[in-house]
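Me: I am new to this structure. Could you walk me through how to read it, one feature at a time?

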Amino acid sequence: MTEPPQTAEPTPAPDSPAQGASRAPAPAADGPAPQTPAAVRRRAVLAGTAVSALLILAIVLGSRLLRDFDSALLPYAVATVFLAFGVAHRYTVWVSAPGARRLFRQGWRSFFSAANFRKAPTALPKMIATYLGFQKFLGARSHARWAAHQLLFWGCVLAALITFPLTWGWFTFTSNTGDGPGYEMRIWGFKILGFDALSVLGWLMFHGLDIAAVLVIAGASYFLWRRMKDRGAITGQRFAYDLIPLIALIVISVTGLLLTFSSIFLHGGGYEFLAILHMVSVVFTLIYIPFGKFFHIVQRPAAVGMQLFKYTSRRKDEELRTCRRCHEPIDTPDYVENLRGTMKDLKLDFDEWAEYCPRCKRVLRGNAYLTHVKKGFK
């Protein structure tokens with residue numbers, strides 16, 4: 001390939017031939033058909049409505065036509081329905097964007113690829129374990145942040161696995177004597193196991209949310225402390241986006257622990273007030289999830305498909321694409337072309353820069369600055 005001029009830059013001057021060529025209209029087949037905002041909103045509302053209706057149906061059927069549904073937990077159940085609508089609505093809007101749509105499609109294509117499974121049968125479980133479960137990519141930034149995120153993540157996962165089924169009436173704990181100590185755990189009306197409330201298993205069963213609360217408090221407190229002390233975090237943080245989620249998680253966990261403290265040590269003193277405060281904090285947080293920082297929980301699994309695509313494409317017996325300037329390896333041709341396609345979808349007029357290594361991009365931009373910008377100050 002011919003080497004580009006040393007004065008090239010990511011966004012060439014209007015009279016530059018490079019810009020005229022990059023702004024030439026692409027064939028209709030190269031990219032997805034444009035979507036109007038109104039069409040995206042309609043599709044998002046329909047998706048949210050459908051998911052909410054399915055959740056309501058699942059609650060009714062899973063609780064055996066509401067026979068196992070606890071009416072005291074109605075506010076929590078209603079909040080989960082709003083949560084389902086918000087997540088489906090925002091997710092639909094998100095995947096309607098060109099870049100996210102390409103990521104989404106390529107991820108599912110890699111997920112269902114029989115060729116990928118034959119070549120790397122353990123790749124997907126490995127990606128799920130390392131990228132979603134243990135988030136090893138965070139350890140490269142800071143071991144303390146990784147440990148705190150693990151506490152926060154697994155605390156929230158444990159709380160969700162306990163709270164949602166109980167709220168929907170899917171889990172029930174019953175005793176033949178009315179007050180124990182023998183209990184039965186049932187799922188959808190079917191007995192799963194019996195246990196003694198005074199045993200270690202019984203203690204874990206009835207204090208699982210307390211364990212989750214301790215994990216969440218430890219993880220959220222670290223991140224809250226960091227955002228108060230770390231200069232880099234303070235510079236870019238926003239109160240509603242960065243601090244409110246952490247405060248909400250701490251309030252939920254603390255009020256949940258106080259409910260246990262009240263029932264054990266205060267003989268129920270102040271329990272009603274704490275229960276209302278806990279309910280309000282949980283409902284607020286569930287409704288907030290689709291519209292704030294917590295939404296990355298929903299987005300993160302979609303990135304696993306892209307990681308799988310990168311991993312499987314690098315296992316092919318093919319040469320890596322080299323930099324157009326220094327000829328050093330960049331990545332596989334599939335990955336580079338996918339990146340160029342995403343940049344075209346986003347109407348970025350410098351998709352050819354995906355074929356340069358990071359160092360050459362900096363060199364070319366520096367030369368362009370010296371040629372086109374600094375010369376104006378002579």
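Me: What should I know before starting?

Reply: This is a predicted model, where local features need pLDDT of at least 70, side-chain atom pairs count only at pLDDT 80 or more, and totals for chains, interfaces and linings use all residues. Residues are numbered from 1 along each chain as its sequence is written, and side-chain values use heavy atoms, with hydrogens and water left out.

Me: How many helices and strands does the protein have?

Reply: Helices (H or I, at least four residues) and strands (E, at least two) are DSSP runs, numbered from the N terminus. Here there are 16 helices and 5 strands. Of the 378 residues, 36% are buried, meaning under 20% relative accessible area with a 1.4 Å probe, protein chains only.

Me: How do I check a helix such as α8?

Reply: Compare its length with the expected span, which is 1.5 Å times one less than its number of residues. The 26 residues of α8 should span 38 Å, and its end C-alpha atoms lie 37 Å apart, so the two agree.

Me: Which residues of α8 are buried, and what do they pack against?

Reply: Among them are L152, I162 and W168. Contact means heavy atoms within 4.5 Å, and the buried residues of α8 pack against α2, α3, α6, β1, α10 and α12.

Me: How are strands put together in a sheet?

Reply: Two strands pair if DSSP finds at least two bridges between them. β1 pairs with β2 over 4 bridges, and F171 stands opposite I187 in β2.

Me: What is the largest nonpolar core made of?

Reply: A nonpolar core is a set of buried Ala, Val, Leu, Ile, Met, Phe, Trp, Tyr and Cys residues joined through side-chain atoms within 4.5 Å. The largest has 21 residues, and L152 and L286 have the most contacts inside it. Elements giving two or more residues to this core are α3, α8, α10, α12 and α13, with α12 giving the most, 5 residues. Another core, of 8 residues, lies apart from it and includes L55, I59, F69 and W170.

Me: Which residues does L286 touch beyond its neighbours within four places in sequence?

Reply: L286 is in contact with Y76, A79, T80, L83 and F164.

Definitions and conventions: Buried means under 20% relative accessible area, exposed over 50%, partly exposed in between (1.4 Å probe, protein chains only).
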